[in-house]
Amino acid sequence: MGRHSLPDQYGAGAGDPRPRTHRRTVILATALVLTVAGGTAAAVQGGLLAFGTSCQDDPVRLRLAASPDLAPTLRTAAQRARDDDLTSDGRCLAVTVTARDAYKVADELLAGEKSDFQVWVPDSDLWVQRLRTDRGGSDVSHLGNVASTPIGMAMVPAAAKSLGWPRKTYSWVELAGAALRNDSLRLGAADPARSATGLLALTRLAGSAAGSADGGTRAAAMMKALSQRTSDSDGQVLDTLPRDSSGTEQGNPRRNQALVLTEQAAFAYNSADGGGSLDFFYPKDGSPRLDYPYTLVDGSGLTTDESRAAIRFMNYLDRPEQRQLLELRGFRTSDERVTDALVTGAGGSRPQPYAEPAVQPPPDTALEETLGVWTITVQSARITTVVDASSSMSERVPGTDRSRMDVTKASLLQALATFTPEDEIGLWDFSTELDGDKDYRVLVPTRRLGDPADGGTQRERLSAAFSDLTPVPDGATGLYDTTLAAYRAATSSYVEGKFNALVVLTDGVNQDPGSIERADLISQLERLSNPERPVPLIMIAVGPDADREEAEQIARSTGGSGQEVDDPSQIHSVILKAIVAAGTRDTDGN
């Protein structure tokens, strides 16, 4: 389970199903424990520590927050440890396990809130990575992994049979496509913004769709359909299944016949008293997995005794009897050994590819892009894009033969492909005195991409306008007046029920001596901003001449964010990342 064992006095370990890259932290932690243990032994010999009384008299108390699917198993293991008088430095362990949704814990730690637990076991390492990449978040130390479970698609038997289960296998795109094309086969999933299961599956689906010519549009269409049937959590998505086999329940339009689900969740559902019966598809192009990282929360005031006790309990979970407990609850503890009982309990059967190695975890950029597309797909978006057309945009991007404008256009076209016909997108460009005394001009008004325009559609008109963007010879950067005018237009044309935003891309600082001052700009933006009708400004500083600090200061006045990219090809990813951040703040009411 991703851990090296401590010596016998700390508990014997077992095999490790996780990649060896996870072991380095455990080795360091173990070395620390052994170093301190030497001092502890000396203290015992000198009579400084008394072990003559029951270890239960003064236990080391650990508070552990765990993913709701794993928490009951860890609670059982914690009780076993207490019954076994498991000790750390002669003191018993008293481990209290609380079920906590991973996204809620991550949000609290990112906000800098002091945690009330010393150990955190979320369902996926993606939550830990999220903390590490956010400079303002609390730190956690990843010591190993408790278990794993692959993600696939579970179906009620009638639905699975209609797709040829178990003999016929499908890729992610084929499975989702089959479910979404069939009106009687309703597909549900947990919200990818709150569920690692939903996000990893959706990222895999998007990556699989990317191989086709219209992959971006196809993936967005699938997300749009799937968004109509999402639940807040993995536990709630199971509640959307038919309650019985009656025609009333099976035909209920609110009930799903197929779910994006983990193998363990399907196992638990099938094993429950009075539970139903699910068949499980393992996509042939590979399953992402939840990996349940075991972490110490550095911001919890963790003491040395608690750290050693936490490592002791981690190694206790690696004992054969605890591994067996995990497997009996439907979790995997080895990539090399997958029992038939586990697979059949989850509804799997040969020749489904359930024993295939897990696919590599997607990079952070892929996860951010998927979340960005999901955010705008679920809500539909109204976004005006404002692009710097000053002469500096003609400068070459280092290491390429393309200008900043060339790479910017390509990235914007890539972003455009992720929007649906319901989304509203517009385009402005700006320099100095670009349109008479004005530093800006409206190239394409903000309208639905599916609307007719100039003999085609709004999408086609925008594609042509993006392609035609050209730097203005000797043009300077008229940033402040343009930003104010564009934000005023965006707030005055706010559309209820959509994600409204203004995106401004600039490769420099304001160069218009006749424009308003920065302080005046920020003051007016604050007055225009309305929390009841939020329009976050996303300002992207492109290249070495742009000022990220200024971009952040200006954008923050609207509830938006300033971003920085060295390479214009990163613009697509940064826009989606910023949309996710703004959309999350809007959802949480912040």
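**View 1. Strand 13 (residues 381-388) pairs in parallel with strand 14 (residues 424-435) through 7 bridges.** Strands are DSSP runs of E, at least two residues, numbered from the N terminus; helices are runs of H or I, at least four residues. Two strands pair if DSSP finds at least two bridges between them. Trp428 in strand 14 is the bridge partner of Val386. From strand 13 the chain passes through helix 16 (residues 404-416) to strand 14, a right-handed β-α-β crossover. Right-handed means that, with the strands pointing away from the viewer, the path from the first strand over the helix to the second runs clockwise. The model is predicted: local features need pLDDT of at least 70, side-chain atom pairs pLDDT 80 or more, while totals for chains, interfaces and linings use all residues. Residues are numbered from 1 along each chain as its sequence is written, and side-chain values use heavy atoms, without hydrogens and water.

**View 2. Strand 13 also runs parallel to strand 18 (residues 499-506), joined by 7 bridges.** Val386 stands opposite Val504 of strand 18.

View 3. Ala381, Ile383, Thr385 and Val387 point one way. Arg382, Thr384, Val386 and Asp388 point the other way. In a regular strand, side chains alternate between the two faces of the sheet.

**View 4. The largest nonpolar core has 134 residues.** Such a core joins buried Ala, Val, Leu, Ile, Met, Phe, Trp, Tyr and Cys residues through side-chain atoms within 4.5 Å. Trp120, Tyr294 and Phe313 have the most contacts inside this core. Another core, of 25 residues, lies apart from it and includes Ala485 and Met539.

How values were computed
Buried < 20%, exposed > 50% of the residue type's maximum accessible area, 1.4 Å probe, protein only.
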